[in-house]
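Subject: Structure handover

Hi,

Here is the structure for you to look at. My notes on what I found follow below it.

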Amino acid sequence: MEPYDLPGTPLQGPVELTNCDRDPIHLPATIQPHGCMIAVRESDETDRRLIVSVSENLFQWIPERCLATHASVASITENDSHHKGPIADDTPRTDDCQSLIGQPIATIAPELDSLAQVVSSHREGKRLRRPVQIGDRSLIASAHRCDDLILIELERDLAPENTIGPELVGQLFAGLEDQQLEQIYQSTIEIIRSFTGFDRVMLYRFHDDDHGSVIAEAKRDDQEAFLGLHYPAGDIPLPARRLYVLNWIRVVSDVNADPIPMSPAMIGEPGRSTDQASSSRSIDMSYAQLRAISPIHLEYLRNMGVGASMSISIINGDRLWGLIACHHRTEKVLSPDQRDVCELAGSLLSTYLSSRRQESLLARRIEINDNIAQRAMQFANREDLQQAILDSAPWFTELLSADGIAFHHRDQILCWGTTPDETQIQALLKQLNEQTEDHLAFTDKLSNWIPEASDYKDQIAGMLAIRLGRKHSGELLFFRAPYASTIHWAGDPVKSETDESGRLSPRKSFAKFTEQVEGTSLPWSPAERETAETLRATLNNLVIEQADRVQRINDELRQLNADLDAFAYAASHDLKEPLRGLNHYLYLLEQGPKNDATFQKGIGGLKRLVGRMGELLDGLLRFSRVGRQDLRWETFDLKDAMAQAIDILFGGRNPDGVRVTLVNDATIVGDFSCVREILMNLISNAIKYNESPEKVIEIGQVDYRQSPLNQFPEFGPNVMFVRDNGIGIDEKYREQVFDIFRRLHQHDQYGGGSGAGLTIVRRIIERHGGRVQIVAQESGASLSGTAFFFGWEPAS
């Protein structure tokens with residue numbers, strides 16, 4: 001859990017929304033002019049994708065003669081009620097884009113129809129990009145699905161001036177392990193500026209209150225420095241933040257260019273005419289790269305002297321951590337390939353930075369948890385809780401960098417350090433209980449939250465409150481003294497202008513504006529809030545409600561187990577009823593003629609299926625108790641586990657072109673059903689990731705000394721292998737493939753899949769206390785793909 005996701009209430013007062021926060025910027029009905037757009041309905045009853053809207057500059061990008069050329073491909077008839085008729089060679093053409101509405105997309109180019117058909121099966125927002133040739137025009141077509149529409153964006157196939165795209169990612173990540181985060185930030189923006197050619201590239205990081213500051217910058221020598229400047233949260237409104245999370249990259253090629261309208265701007269629902277206003281809607285361009293930008297933001301950029309910009313999102317989890325903001329003084333168009341490289345860089349950088357921050361956070365968590373645990377054990381068993389808290393006051397204040405604490409418990413208030421007086425603390429507690437039921441509340445400006453705090457604002461400015469257990473279990477309040485600070489803003493953050501209609505306009509000046517902040521404490525950082533939550537949990541568990549919590553948890557577990565047992569029994573009982581009926585009918589069938597081989601084979605198959613269904617129901621009952629029972633250790637033959645795995649996967653018969661062979665049988669000690677599950681996953685993968693005409697899988701047992709697990713003599717003969725003649729796994733990926741949802745190929749390659757199978761395999765093996773290792777087949781081996789070796793110490 002990230003610190004800013006912890007339960008807590010910032011006691012900062014009401015949030016005020018501006019007109020920017022209500023601006024539906026994802027529905028602009030216009031696009032930027034460095035490309036054109038076609039909106040296509042996914043398909044109609046004849047499996048055609050019909051055009052519902054186009055940008056009015058379409059004929060500037062697609063020669064009209066090409067529309068006539070492709071008209072015959074679309075198989076359009078004059079009396080088709082779903083479009084406006086064919087575009088014949090002898091039809092006079094104008095720049096009236098309305099003539100295309102209702103036409104199949106194949107009218108423009110069959111390649112676009114093929115692209116739209118593929119995209120319709122993808123998840124919403126996933127972009128597919130292809131080069132297309134329409135007449136003498138070489139274009140790049142990008143398509144994605146949103147709602148029931150497919151949006152196709154066409155741009156010129158520009159040859160980038162800089163061809164270092166394939167090496168950009170390598171440059172970004174070269175030597176990162178030896179660098180501090182500040183060095184990584186700076187080198188990243190310098191490399192991106194070199195690659196893109198923008199005049200200025202900045203790394204812009206968001207703070208807890210959503211305002212941002214520039215923490216790294218690369219620019220031309222003649223430009224004013226923005227490094228260290230702060231920008232108010234309103235500069236990037238809520239709708240824009242949402243789109244930054246949905247899209248890794250956003251481009252403004254020319255802030256002075258007139259946007260191109262979509263025609264029509266409003267589209268009707270399927271089966272209704274577009275003139276029915278009640279059923280019309282705007283086109284959602286949340287994922288579109290050509291989406292026109294809000295006029296307010298364009299004005300903001302012009303006020304900054306920016307002619308073109310590009311933003312690359314840095315995302316931590318599902319939250320926007322920051323932006324790589326690229327500015328250029330004149331118009332600038334990046335090729336789709338360049339943008340793709342920047343998007344990939346942003347995605348990988350987000351993952352890497354998140355990993356580094358998580359690593360640092362984890363180390364701090366371990367240190368804090370150990371510190372809290374050691375201290376808590378010193379007073380956990382003391383009878384006088386209040387005195388124990390007071391005796392630990394210096395440690396408490398040091399832990400959270402506070403200047404004083406107050407502990408309220410059983411109508412008593414104990415104070416240590418710099419705090420309000422008892423009457424003032426009573427007023428704080430009353431307000432706290434009225435405002436929030438959260439376990440954690442905090443503010444760095446107490447006087448904004450409770451006016452009475454103005455009386456002691458020169459002494460106390462910030463407070464963090466921890467509620468322990470139930471409402472009557474007590475509160476622990478941490479106080480901080482005021483902290484005078486200086487913030488350098490890019491322009492006066494509170495200065496705005498309005499026109500005659502009352503419309504809010506961006507500020508005109510971005511000159512450095514210095515603000516002296518008084519009456520405010522240092523903010524309670526996410527790490528400190530997490531520490532407070534850990535402290536609260538520890539005090540609850542070890543001191544205040546330990547016995548009560550254990551009793552309550554035991555009661556809940558008993559009820560949960562009873563409910564689970566009841567469910568498993570009901571499911572087993574109810575599902576076995578039809579099995580009894582099947583057995584009855586099987587009995588009747590068995591009374592028929594016995595000399596029909598097909599009949600007898602069917603009878604045998606039905607019996608086998610009935611038996612397997614019974615086993616599955618027994619497995620359901622075992623699953624309901626998996627949290628309370630250990631593995632079922634037993635001794636069995638490997639051939640039996642393999643036979644059942646094949647039986648479940650293929651119904652007892654190998655598919656054509658698949659050969660599964662038992663190299664040697666052996667007696668194995670472990671959980672039979674778990675070994676069967678391992679074999680099922682490995683056999684499935686061996687078939688899926690295999691391009692050989694005959695897919696061969698070999699299964700067997702080997703002594704630990706003849707395996708890659710030879711450093712585990714305790715495994716003895718309890719080592720198994722599954723090897724194949726598939727595509728193999730590169731050595732550098734042999735650990736990564738076990739990560740959950742990790743796939744080495746595109747989602748639509750090799751039959752798709754979630755990438756969880758090998759994770760399940762390793763977890764089952766580790767639950768046995770064992771190990772698994774992947775090796776490539778050696779030269780001269782019977783198979784040339786991948787071999788999995790796994791084993792564990794047999795239970796005594």
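**Strand S4 and its partners**

Three bridges link strand S3 (residues 36-41) with strand S4, and the two run antiparallel. In this pairing, Ala39 stands opposite Ser53 of S4. Please keep in mind throughout that this is a predicted model.

S4 covers residues 51-55 and is mostly covered: five of its five residues are buried. S4 also pairs with strand S12 (residues 260-263), through two bridges, again running antiparallel. There, Ser55 has Met262 in S12 as its bridge partner.

**The chain as a whole**

The chain has 796 residues, and 48% of them are buried. It holds 18 helices and 32 strands. Take the contacts between residues at least 6 apart in sequence: 67% of them join residues at least 24 apart.

**Strand S20, covered on both sides**

Strand S20 (residues 462-467) is another mostly covered strand, with six of its six residues buried. In a regular strand, side chains alternate between the two faces of the sheet. Which residues of S20 are on each side? Gly462, Leu464 and Ile466 are on one, and Met463, Ala465 and Arg467 on the other. Both faces are covered, and these residues are all buried. Note that Arg467 is in that list.

S20 has these pairings:

- Strand S19 (residues 440-443) is joined to S20 by four bridges and runs antiparallel to it. Thr443 stands opposite Met463 in S20.
- Strand S21 (residues 475-480) is joined to S20 by six bridges, also antiparallel. Ile466 stands opposite Leu476 in S21.

**The five-stranded sheet**

Further along, five strands form an open sheet. The order is S27-S29-S30-S32-S31, and the pairing is mixed. Strand S27 (658-662) and strand S31 (771-776) are the edge strands, each pairing on one side only. From one strand to the next, the twist averages 15°.

Helix H17 (residues 672-688) packs on this sheet. H17 touches S27, strand S29 (695-702), strand S30 (719-724) and S32. The direction of H17 makes about 145° with that of S29.

Ile774 stands opposite Phe788 in S32.

**Two cavities**

How many cavities of 30 Å³ or more are there? The count comes to two.

The largest cavity holds about 70 Å³ of space. Its lining is Asn247, Ile249, Arg250, Val251, Ser286, Ala288, Gln289, Arg291 and Ile293. By class, that lining divides into four nonpolar, three polar and two charged residues.

The second largest cavity holds about 40 Å³. Its lining is Gln386, Ile389, Leu390, Ile405, Ala406, Phe407, Leu414, Cys415 and Trp416. Here the division is eight nonpolar, one polar and no charged.

**Two loop residues**

Lys332 sits in the loop between strand S16 (319-328) and helix H8 (336-379). Is Lys332 buried or exposed? Lys332 counts as buried because its relative accessible area is 17%, and the cut-off for buried is under 20%. Leaving aside residues up to four places away in sequence, Lys332 touches Thr196, Gly197, Phe198, Ser253 and Ala308.

Ala109 is also in a loop, the one between helix H2 (64-71) and helix H3 (110-119). Ala109 is buried, because its relative accessible area is 0%. Ala109 and Gly135 are 26 residues apart in sequence. In space, they are 9.5 Å apart, C-alpha to C-alpha.

**Where to look**

For a quick tour, open S20 and check both covered faces. Then go to H17 on the five-stranded sheet. Finish with the linings of the largest cavity and the second largest cavity.

Best wishes

Definitions and conventions: Residues numbered from 1 in each chain as written. Predicted model: local features only at pLDDT ≥ 70, side-chain atom pairs only at ≥ 80, totals over all residues. Heavy atoms only, no water. Pairing = 2+ DSSP bridges. Axes fitted to C-alpha atoms, helices over the stretch in contact; angles between N-to-C directions. Contact = heavy atoms within 4.5 Å. 1 Å grid on protein atoms, 1.4 Å probe; cavity = no way out; pocket = protein on both sides within 12 Å on 5 of 7 lines; lining within 4 Å. Points joined across faces, edges and corners; volume = space filled by probe spheres on them. Nonpolar A, V, L, I, M, F, W, Y, C, P; charged D, E, K, R; others polar. Buried < 20%, exposed > 50% of the residue type's maximum accessible area, 1.4 Å probe, protein only.
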